[in-house]
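Colleague: Could we go through this one together? I'd like to know what stands behind each label.

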Amino acid sequence: RSPPPPPPPLVSRGARGLSTRAMAAAPPNPPHGVPTTLLVVTKPELLASAPLARITSGADPRFPTARFDVRVATKLEDFPREITHERDGNPVALLWWFGDPGVMGGVLRSPCAERVAWIHSGSAGVEHILDTQPEVRAHPAPMTNARGAFSASLGEWAIFASMWFAKKVNAMRKSQAAGRWMRDTVGMLKGKTMSIVGYGDIGRACAERAKAMGMRVVALRRDPRKFAPGDERVVDEMLPLTDLCRAMGEGDFVVLALPHTPSTDKMIDASAFAAMKRSGVLINVGRGAVVDEDALVEALTEGRIGGAGLDVTAVEPLPSGHPFYSLDNVLMSFHCADLTDDYYELTMETFVEHARAYVGEEPGGGWNLVDKTAGY
């Protein structure tokens, strides 16, 4: 891959009232009286969606309508040339609203790139943008995401998957389908250990729910010294990622909530599965590519671990004929664990909070700054 182009120069040439160096700060807070042109990159089926319509029409009471000039498009050429081809003028913000990430790159290759002051992703994961659009990674404007918007649903799914295996739901469903009465013992979550690999917002949501079920919680993160208020209430032990095998071995349920980066690619490998209890269950609500899936299939087929609850896989859609479809000890949810009925409402609420922080209307409000180097 060729190296990414250099970022725009750190000089005060572009956005009116906002130097490019200032753009690197978070939130940028452009001066009053200087509206920001918000370029929304979406897909055709979302053009008329209710959450998007509310910010384009000014009907959302929390969105600072007077501070933004909102333009929506599915292709780069649909944005007015007087916006994309002007180096000087008002600040520009980019909102990726589930459209073609290439449009984001196209905007940042156009003359208006020097005016881009803020980039926001409507999803929590950003690798689909950063890994395909080097201009986004290289640009000095801060990038934020929807971290936290879907964490509650993912936390619930982690508990659901844990209970699916503990309560032997699969066996009971089979007996029901066969018209056969069955009696068997079932497990409890109370007193069991949940190891959470990747303790961010999703991991915290899992920990809160696990603790409410009476479980012991062991969490791993890159910097185990980072504790948010309340973490000590739901986490019994915080460990560095270097203690992965120890945590895998202690967990009755091992929840993966990791982003996919070069350092986490296939991190959960054969050695990690070898460390797990034979009754242990792997639950992945993060990214599929952090798992060595060949090693996982082998561990599941040979009965070296109890099962796997997979919301995500390395390749999506999962190809027909993949072993995950037929393995009796695998529960799949096809990346639907966060696809709630109000999915777009939740992520738009997060964007509006960020828009308010961007213009300074919500000091101390949410600002999910993405580390573009780390990839999350």
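Colleague: Why does His322 count as buried?

Modeller: Buried means under 20% relative accessible area (exposed is over 50%, partly exposed in between, with a 1.4 Å probe and protein chains only). His322 has 19% relative accessibility, so it counts as buried. Before we go on: this is a predicted model, where local features need pLDDT of at least 70 and side-chain atom pairs count only at pLDDT 80 or more, while totals for chains, interfaces and linings use all residues. Residues are numbered from 1 along each chain as its sequence is written, and side-chain values use heavy atoms, with hydrogens and water left out.

Colleague: What does the side chain of His322 reach?

Modeller: The backbone nitrogen of Phe324, at 3.0 Å. A polar contact is a pair of N or O atoms within 3.5 Å; within protein, one must be able to donate a hydrogen and the other to accept it, and residues adjacent in sequence count only if both atoms are side-chain atoms. So 3.0 Å falls within the 3.5 Å limit. Leaving aside neighbours within four places in sequence, His322 is also in contact (heavy atoms within 4.5 Å) with Glu293 and Val297.

Colleague: What makes β1 largely enclosed?

Modeller: Seven of the seven residues of β1 are buried, so the rest of the structure largely encloses this strand. Thr36, Leu38, Val40 and Thr42 point one way, and Thr37, Leu39 and Val41 the other. In a regular strand, side chains alternate between the two faces of the sheet. By the way, strands (E, at least two residues) and helices (H or I, at least four) are DSSP runs, numbered from the N terminus.

Colleague: Which residues have the most contacts inside the largest nonpolar core?

Modeller: Leu38, Ile119 and Phe351, in a core of 48 residues. Such a core is a set of buried Ala, Val, Leu, Ile, Met, Phe, Trp, Tyr and Cys residues joined through side-chain atoms within 4.5 Å. Helix α15 gives the largest share, eight residues.
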